[in-house]
Protein chains: 2
Amino acid sequence: VQEPLYMQLYKTLKDDIVKNYQVGDKLPSIRKVAELNNISKTTVESAYNQLYAEGYIESRPKSGYFVSDFNISVANLKDFKESIEVNKNSYKYDFFPAQLNGKDFPIKVWKRVHNRVLNSDIDFGSYGDGQGEVELREQIASYLNNFRGASCRASEIVITHGFSDSLSLVAKLLKDRSNTFAIEHPGYHVPRRVFGEYGYKIKKIDVLEDGLDLDKLKKSGAKIVYITPSHQYPTGVIMPISNRLKLIKYMQNIGGYILEDDYDSELKYRSRPIPSLQGLGEDVVVYFGTFAKILSPAIRVGYVVLPRSLVSSFKTSYEAHFAAVCKVTQKSLAIFMKDGHFDRHLRKIRKINRQKHDLLLKLLKEYLNDSYKVVASGGGLAVLIMPKVDFDFEKFKNLAVNSGIKLYFAKERSGGEFEAIRLGFGGFEVDKLEEAVKCLAKIWHKSLL
Amino acid sequence: VQEPLYMQLYKTLKDDIVKNYQVGDKLPSIRKVAELNNISKTTVESAYNQLYAEGYIESRPKSGYFVSDFNISVANLKDFKESIEVNKNSYKYDFFPAQLNGKDFPIKVWKRVHNRVLNSDIDFGSYGDGQGEVELREQIASYLNNFRGASCRASEIVITHGFSDSLSLVAKLLKDRSNTFAIEHPGYHVPRRVFGEYGYKIKKIDVLEDGLDLDKLKKSGAKIVYITPSHQYPTGVIMPISNRLKLIKYMQNIGGYILEDDYDSELKYRSRPIPSLQGLGEDVVVYFGTFAKILSPAIRVGYVVLPRSLVSSFKTSYEAHFAAVCKVTQKSLAIFMKDGHFDRHLRKIRKINRQKHDLLLKLLKEYLNDSYKVVASGGGLAVLIMPKVDFDFEKFKNLAVNSGIKLYFAKERSGGEFEAIRLGFGGFEVDKLEEAVKCLAKIWHKSLL
């Protein structure tokens, strides 16, 4: 079998880069290479992708492709055999915002519960319930009704393997009802990507000081809107009850849907959790939840609560839908919740993370002085800060890499100009935080202009 | 909060049906109800969906909605709290083709392996590798290379939670390369549904006696084609090597992709397994595999092998992709494979199901005489048969329901006119088969014209 065209091209280009190019040189555009060689743009793109994946070239938005410092990147390059996982060991301090500390996971109870399930009469010969095991859905319903002010039943819940799986399901269910999808701006990038993949037209709606701009939403004509009302991502804004009710009323009138992402709602450190929108308008709210931030991101369990009208659609369109999660995991989680371990764990996780949250704020004050402001805090697993003075972000980013600090920026994940730094504390142990902030402060002060 | 419009309409309609309609009466069309009441079609549809879900009305293709015999269906109706799972207990014999017998699952070893994983230093605080745990990918690669004639590396594999999850991933990855998707006709309905949801134009390509009609494929202009070359679904046709090579060559020339669904490939009872296409054209073949039919449908693990060009796209577009499967399940499966349990289990499952397959064919001969022909056999977990004489399918279906026999028809799942009956034997115990076939024969003979 002859080598495919893109591999031939890739090899030619690679040789050319190694022999004739300097670091930073611009490569000809994909279109130009395609025209010159009389081949398809797809082929050229594949060759460029390969060069990119192997670290020979880099892409700069709106400028094109440039030769990387590949002697460094090739040396650092993980072999193609390896994964895309961020190699955590290569960073001394990782401020990843969606992380818990593995030591807080209730491994003993989890093992016990797992064994109980494996010793029970579980049928490994057939698919489980397509909506998810009913005992888990019942536990989730009761949890949401008691602790999140929701109003739902097990029959309205679908178990998924996480937030984007939930989004895909809902994007499919809503497709016949509308093709316009409104999102918060700035806002979380994942819903935009998933709904975009299903062909929805995306409308960005500004977030004001009291949450989503309802007038703009109305003008957009969108019948589906994604919001994070209890803790807006990334600004932290909370939508007041009056606006919540207005939004629900509006969607009821036009027959639309509100997709409520209740992320971080369980982790509130300064107030009681705000009841979900779902409880106020169960007929128009699609509610998204996950266990990733309160139990473990490793077990891959999320869920979505559907309004009745969508339950019907789900049942008729996905008659042979297969559950997304292993029966053993689902049944273990159900027992874990039923026996009260989840409540206990939640209290523990909230306490530990409140402690780290408060400590992080204190340390920032101590080490960054007056050069920053806190943009969002009081909940979740991260604090957002911004420089209050002139600041060289590029220098800061480079210094971070060189100092072994892994940082996360709101801009990269919210599609906006919202230049905040997301300092996740969930993965840290309490007594490691000061050391991490000290190290951060060092590069911070060097980046002030 | 006021009741939504569709619920009001639903209640009015329900009252009307109960008081003024007879079983079998036709309801006004959705459009008509919308016009009469000056409301949107979506609202009417939601109300109808609700009536449908509760069993008041039924829908007949191209005819509209009719009042059901709801006194019966309401009595039988599972409360809305319940799931969409088929209640297996209500059937005496279930010929579901995608089922294994739970008793054949190696539960003891699985428990041991699970405990080993839970006792190891697994990090429950963070997401796992987005492509799937590397040790599982390595085991799968080695299995495919040794037993399926594949040529792949761990770096080219992505772990998913099953076949349709794999399809979604590939539909997303290919979207920028082509918008036309060719499928076998008759063929499995799921790829058409998934690619349809992502907005691809679907081209149906006839299946001839030597597999997919390559001339028609060329004429269609499609650059992506889904095939089941080793055991065409549902006809059982095997694509000969000459056509396999032609197809690969063609796709290499046009820069296209072949999606190879290798379902049932491990379960061949009359020949050695046919090597996969992937090994012949790893640069153009996307390979789909799953553990559902050889280990358990309940653990929800599948995988896809990507050509290099798509690995690059995966890495660049899904930088923060989260694995679809719980770390514990993935790591358990990896050890299960590494320690040789999987090989042993596969031999066992193949032997047991060959026995049931042969017995089923023998029993059919004995009880159905000359009135049927075998359309597909020799592999997998089902045998496909068709009546050879004039046959009342509707009567047959009704008799089956009344006799507690759950049957599956190729037509419903392959979008064609291929009127075959899929007799799954995987879920049966050997000594229950005769009883089941006897019962089937009784209603079969009553349905001959």
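Student: Which radius of gyration would a compact globule with 449 residues have, and what is the value for chain A?

Tutor: The model is a predicted one. For 449 residues, a compact globule would have a radius of gyration near 22 Å, and chain A has 24 Å, so the value for chain A agrees with that of a compact globule. Along the principal axes, the C-alpha atoms of chain A fill a box of roughly 65 × 60 × 55 Å.

Student: How many helices and how many strands are there in chain A?

Tutor: Chain A holds 16 helices and 16 strands.

Student: How are chain A and chain B related by rotation and shift?

Tutor: The general idea comes before the case. Two copies of a chain are related by a rotation about an axis and a shift along it. Here, chain A is superposed on chain B by a rotation of 180° with 0.0 Å of shift along the axis, and the RMSD is 0.1 Å. The two copies are therefore related as by a two-fold rotation axis. Within chain A, the C-alpha of Y198(A) is the nearest to the axis, at 2.5 Å from it. The same surface serves both copies, since 99% of the contact residues of chain A recur in chain B.

Student: How many residues does the contact take from chain A and from chain B?

Tutor: The contact takes 85 residues from chain A and 84 residues from chain B. Between them, the two chains bury about 7500 Å², of which 56% is on carbon and sulfur atoms.

Student: How many salt bridges and how many residue pairs in polar contact are found across this interface?

Tutor: Across the interface of chain A and chain B there are 0 salt bridges. The polar contacts there comprise 16 residue pairs, with both residues at pLDDT 80 or more.

Student: Which helix of chain A gives the most to the side that touches chain B?

Tutor: Several helices of chain A each supply at least two residues to that side, among them α3 (41-53), α5 (107-119) and α11 (308-317). It is α11(A) that gives the most, with 8 residues. The residues on the side of chain A that touches chain B divide into 33 nonpolar, 28 polar and 24 charged.

Student: How many salt bridges does a search of the whole structure find, and where does R116(A) lie?

Tutor: Over all chains, the search finds 21 salt bridges. In one salt bridge, the side chains of R116(A) and D339(A) meet at 3.0 Å, N to O. R116(A) lies in helix α5 of chain A and D339(A) in the loop between α12 and α13, so the pair ties together parts that are 223 residues apart in sequence.

Student: Which residues are joined by a cis peptide bond with omega of about -5°?

Tutor: That cis peptide bond joins H185(A) and P186(A). P186(A) has its place in the loop between β5 (180-185) and α8 of chain A. A cis peptide bond also joins Y233(A) and P234(A), with omega of about 5°. P234(A) is in the loop between β8 (224-227) and α10 of chain A.

Student: What is phi of N369(A), and where is this residue found?

Tutor: Phi of N369(A) is near 55°, a positive value in a residue other than glycine. N369(A) is found in the loop between α13 (341-368) and β12 (372-376) of chain A.

Notes. Residues are numbered from 1 along each chain as its sequence is written. Chains are lettered from A and ligands numbered from 1 in the order in which they are written. This is a predicted model: local features need pLDDT of at least 70, side-chain atom pairs count only at pLDDT 80 or more; totals for chains, interfaces and linings use all residues. Side-chain values use heavy atoms; hydrogens and water are left out. Contact means heavy atoms within 4.5 Å. Buried area is the accessible area (1.4 Å probe) that two parts lose on being put together, summed over both. A salt bridge is a side-chain nitrogen of Lys or Arg within 4 Å of a carboxyl oxygen of Asp or Glu. A polar contact is a pair of N or O atoms within 3.5 Å; within protein, one must be able to donate a hydrogen and the other to accept it, and residues adjacent in sequence count only if both atoms are side-chain atoms. Helices (H or I, at least four residues) and strands (E, at least two) are DSSP runs, numbered from the N terminus. Ala, Val, Leu, Ile, Met, Phe, Trp, Tyr, Cys and Pro count as nonpolar, Asp, Glu, Lys and Arg as charged, and the others, Gly among them, as polar. Copies are superposed by least squares on the C-alpha atoms of residues with pLDDT of at least 70 in both. The radius of gyration is taken over C-alpha atoms; the globule rule is 2.2 Å times the number of residues to the power 0.38.
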